[in-house]
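Hi,

Here is the structure I promised to pass on. Have a look first, then read my notes below.

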Amino acid sequence: MSHAELVCPAGTPAALRTAVDAGADAVYCGFQNATNARNFPGLNFTPDELAVAVLYAHGKGTKVLLALNTYPPAGKFDLWRQAADLGARLGVDAFIVADMGVADYIARAHPQARLHLSVQAAASTPEAIRYYCAHFGVKRVVLPRILTIPEIRQIRKEIPCEIETFIFGNHGLMVEGRCSLTNYLTGQSTNMDGVCSPASDVEYVRDADGAMSSRLAGFTIDRFGPDEMAGYPTICKGRYTAPHRPEEYYAFEEPVSLNLSRLLPELIGAGVHAFKIEGRQRSKSYVRGVVAAFRQAVDDIRAGHAANIADLLALTEGQKQTQGAFETKKWR
Amino acid sequence: MSTRIRTIPPGSGVVSRLACTMVQPILSRVVRRIAAQHPSLFARLGPHQGTDFLIDPVDLPFALHLRPDPQALLFRAVPRDAAPQAGAVIRGRFLLLLELVDSEEDGDAAFFSRDLEVSGDTEAVVRLRNALDDVEGSIAEETAAMFGPPGRAILGHLRRTYSRDPIRT
């Protein structure tokens, strides 16, 4: 049986302490700049805050993983270099990277550092993963959410590093690290600026009938009826019309969250080393509830019992959940 | 399943103005105390320290006007018909808003379920949410403690009422 490490999100120092206290084995977080893929306003850590957070986490036996998982634009590499140096100085336990240049810099400047390959790298084949392992010493890959469990089991046999999979939270199926939908409307890059649907470009409008429209950069991307659950204001989860589809429909994805609580034993059996909970942008309430639920579930499984996972539906996007491609590629 | 905020009550007239007058001394004291206890909150607000927020508890007879400027802090009750032009509006039932301030409820989940509405400057709302979420401890309990045993008793009653509320579950 694999170790089944629980890797949990923290958008603020208070959320990090909440995750640690709720039983996280590791917590991932980022600085307040474009070096990470959740560069949201008011979120993330100053260097001083991260220093205190690392001490707190280590004091409780929890690892801190620093997300440097965006792609430096030409001429701006210094920001990523400084973040890596700072993380190394503060004693983070691993760096989560996507860009080969960032991986190469850390491997050379901080050879003792542990590298995890972010889902933003979109490495989903043994050939790609082995390349990162061979050239940068990557010790763990975070797999994209597009693989079935049999495929994960097969990949595990063909790579020399650990596997981490998402088990709960946002269900993004676009080719991560290569999705440019936000750029088209806002001019900001998910992959280089760290912002998908930047809040400064988002607007919600309540209509007279109680419906709500969500707009991005002035474009309406969805309209939720008075009796409908809402979703995030991302282009990939909007509803559109097309010449062949006059009725509005989800052209890319639906607002729904991943929840693999029922598949944990199979994932452990497939050799998954670590389970990731998405949601650095979510509240302490979310972190407390989701981390505690999965801590209990993983502990139950490791003790040989059936997992009794708490109902997390209220925390899911649109109050809908799926096992996505992990169950079957025909999930939609 | 139905959304929770069907209509926005008027919040105007004599009752509203009287209620505003009654709660204002409490609000002023509360906001000064929170600012003194949690100065780091302002850093996360960044450029939105000067933004006017209208926090609208739809089940109370008034709205709340917040400008979180540490140099000129403003938190006042206003009748809805006299509310200022706000940069951002946050609307929901009072107890939900209280639970969100204390991170006992998740803001995204309340948005998904349509219990929470936001309009205006979304970045300002996100910054305020993240600033409050980084506060350790309970702002509601700190506030209640300012008023001694009666304050704590009222908070306890409100929370029990909220936890039994069939709309919430």
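**The sheet in chain B**

Chain B has an open, mixed sheet of five strands, ordered E3-E2-E1-E4-E5. Strands here are DSSP runs of E with at least two residues, helices are runs of H or I with at least four, both numbered from the N terminus, and two strands pair if DSSP finds at least two bridges between them. At the edges sit E3 (74-78) and E5 (117-120) of chain B, each pairing on one side only. From one strand to the next, the twist averages 20 degrees.

Before going on: this is a predicted model, where local features need pLDDT of at least 70, side-chain atom pairs count only at pLDDT 80 or more, and totals for chains, interfaces and linings use all residues. Residues are numbered from 1 along each chain as its sequence is written, chains are lettered from A and ligands numbered from 1 in the order written, and side-chain values use heavy atoms, without hydrogens or water.

E1 (residues 53-57) and E4 (residues 88-92) of chain B run parallel, joined by five bridges. Phe53(B) stands opposite Ala88(B) in E4(B).

Helix H5 (residues 122-133) of chain B lies across E1, E2, E4 and E5 of chain B, at about 60 degrees to E4(B). Contact means heavy atoms within 4.5 Å; angles run from 0 to 180 degrees between N-to-C directions of axes fitted to C-alpha atoms, for helices over the stretch in contact.

**Cysteines**

There are zero disulfides (cysteine sulfur pairs within 2.5 Å) over all chains. The sulfur of Cys196(A) has its closest cysteine sulfur in Cys236(A), 5.9 Å away and so too far for a bond.

Cheers
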